[in-house]
Amino acid sequence: MRKTRLAATTAIGAAGLLALTACGGGSGFDDSDGGSTGDSGGSGGLDILIGSSGDAETDAVTAAVAAWSEESGIDATVRVASDLNQELSQGFASGDPADVFYTSADSFQSYAANGSLYPYGDQLDAADDFYPSLVEQFSYDGDLVCAPKDFSTLALLINNDAWTAAGLTDADIPTTWEQLSDVAAKLTTGEQTGLAFSGEYARVGAFLAQAGGTMTNADGTEATVDSAENVEGLTYVQELLNSGNAAYAAGLGTGWGGEAFGTGKAAMTIEGNWITGAMTNDYPDIDYRVVELPAGPAGQGTLQFTNCWGVAADSSQQSDAVDLVNYLTATDQQLGFAEAFGVMPSVQSAADGWRELYPDQAAFIDSAAFAQNVVNAQGASDVITDFNAQLEGLATGDPQSILSSVQTNLQAVLDQNN
């Protein structure tokens with residue numbers, strides 16, 4: 001059953017802007033000043049720039065920074081960007097960036113490579129508490145550069161009323177690809193498709209992971225896109241689409257999986273925990289459950305999305321900035337953020353607390369055990385954009401040809417980086 005107080009991000013998920021970033025991580029829909037906890041960075045205080053999902057996130061971060069400011073005696077201002085990446089780039093170029101800021105996974109490598117980020121990972125109190133995969137995402141040249149802020153994973157959402165109407169029970173919850181195909185067929189009616197999800201790497205990639213596929217090797221130097229495992233994963237998605245029991249959200253006239261699910265055009269969808277805000281605010285009448293994605297030939301697999309707290313290399317207050325980040329990433333504070341706007345804490349010590357807050361959403365955080373990072377190599381965003389374009393035609397396309405094309409493009413990017 002759904003838990004209505006989990007009102008996390010909505011518009012970000014709907015627009016797909018979290019495809020390569022974390023929940024709550026930086027599209028910047030609120031262009032207000034986010035409230036001030038003191039003087040601006042230019043007058044001696046810390047300047048914190050965030051990309052907020054809405055008032056709940058803005059208020060929570062502002063309150064946390066104010067509490068730290070009162071405790072430390074250091075003035076600080078929280079600002080909400082209208083375009084986070086643009087404002088960060090302008091700050092870096094001018095030599096006067098914010099002291100602390102949200103940094104998305106897909107921007108991290110570029111910022112780290114050009115020297116914009118101060119590498120402070122060895123000063124973090126929670127360094128050994130962060131999920132290892134998140135540490136990997138925000139490491140450069142083998143060192144943790146910035147603290148993972150929070151993260152999201154993909155899971156399977158099921159419409160309980162549609163499930164019951166199809167004669168399905170708890171015993172039918174799919175744990176394999178074969179079972180997923182079976183229940184999708186049983187849930188498909190004249191007005192409803194069994195399963196819908198966005199036709200992009202940030203959703204389809206979960207099936208590649210379940211087949212044992214990856215996009216790069218462990219150290220990110222070699223592309224592994226055109227592997228037999230990825231071909232198997234993409235072929236399964238093609239079979240789902242061609243069965244008529246699954247569809248891309250766009251094929252149902254909806255903008256994303258959450259809309260297809262919330263409007264009843266799909267009985268199941270694959271989305272991250274940011275969907276809960278949309279379900280609470282836009283589709284409150286849908287009774288649903290969240291379960292882990294089914295296992296593929298190689299076992300369970302999902303994708304995860306995250307942000308980190310960047311500290312500017314040009315900041316004159318790096319010590320204070322790191323102290324603030326240590327405060328914001330402490331277990332109790334991360335659970336405070338979780339309660340305020342639904343994000344999943346980046347520290348393992350907060351996992352049980354998150355499950356207690358949101359027991360009906362536990363599948364999201366439990367999926368961290370088998371989550372795969374999305375590609376975040378410098379320059380890879382254009383490759384993923386092209387991959388997404390090719391995935392739109394997957395139903396009639398050739399999985400091997402699609403993957404071979406992406407392999408060539410991604411390898412060129414990795415060669416340039418190395």
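The protein's secondary structure comes to 17 helices and 13 strands; here helices (H or I, at least four residues) and strands (E, at least two) are DSSP runs, numbered from the N terminus. This is a predicted model, in which local features need pLDDT of at least 70 and side-chain atom pairs count only at pLDDT 80 or more, while totals for chains, interfaces and linings use all residues. Residues are numbered from 1 along each chain as its sequence is written, and side-chain values use heavy atoms, with hydrogens and water left out.

Let's start with the overall picture. Of the 418 residues, 58% count as buried, where buried means under 20% relative accessible area, exposed over 50%, and partly exposed in between (1.4 Å probe, protein chains only). The protein exposes about 15,200 Å², and carbon and sulfur atoms supply 44% of that area; the areas come from the Shrake-Rupley method with a 1.4 Å probe, and for residues only the protein chains shown count as cover. Among contacts (heavy atoms within 4.5 Å) with a separation of 6 or more, 76% are between residues 24 or more positions apart.

Now for the strands. Strand β1 (residues 46-50) has five of its five residues buried, so it is largely enclosed by the rest of the structure. L46, I48 and I50 are on one side of β1, D47 and L49 are on the other, and all of them are buried. Strand β3 is mostly covered too, with five of its five residues buried: V100, Y102 and S104 point one way, and F101 and T103 the other.

The table lists how these strands pair; two strands pair if DSSP finds at least two bridges between them.

| Strands | Sense | Bridges | A facing pair |
|---|---|---|---|
| β1 and β2 (residues 76-80) | parallel | five | D47 and T77 |
| β1 and β3 (residues 100-104) | parallel | two | L49 and F101 |
| β3 and β11 (residues 302-311) | antiparallel | five | T103 and C308 |

Between β1 and β2, which pair in the parallel sense, the chain crosses through helix α2 (residues 55-72), and this β-α-β crossover is right-handed. That term applies if, with the strands pointing away from the viewer, the path from the first strand over the helix to the second runs clockwise.

Leaving aside neighbours within four places in sequence, I48 is in contact with V65, A76, T77, V78, R79, V100, W309 and L324.

I48 is also part of the largest nonpolar core, which has 129 residues; I48, L195, M268 and W309 have the most contacts inside it. A nonpolar core is a set of buried Ala, Val, Leu, Ile, Met, Phe, Trp, Tyr and Cys residues joined through side-chain atoms within 4.5 Å. Strand β6 (residues 147-159) gives this core its largest share, seven residues. Domain 1 (46-152 + 305-368) and domain 2 (153-304 + 375-417) both give residues to the core, so it lies between them; the domain bounds come from an automatic or database domain assignment.

I74 sits in the loop between α2 and β2 and counts as buried at 18% relative accessibility. I74 and D320 are 246 residues apart in sequence, yet 7.9 Å apart in space, C-alpha to C-alpha. Q333 lies in helix α13 (residues 331-341) and is buried, with a relative accessible area of 17%. Not counting residues up to four places away in sequence, Q333 touches A64, Y327 and L328.
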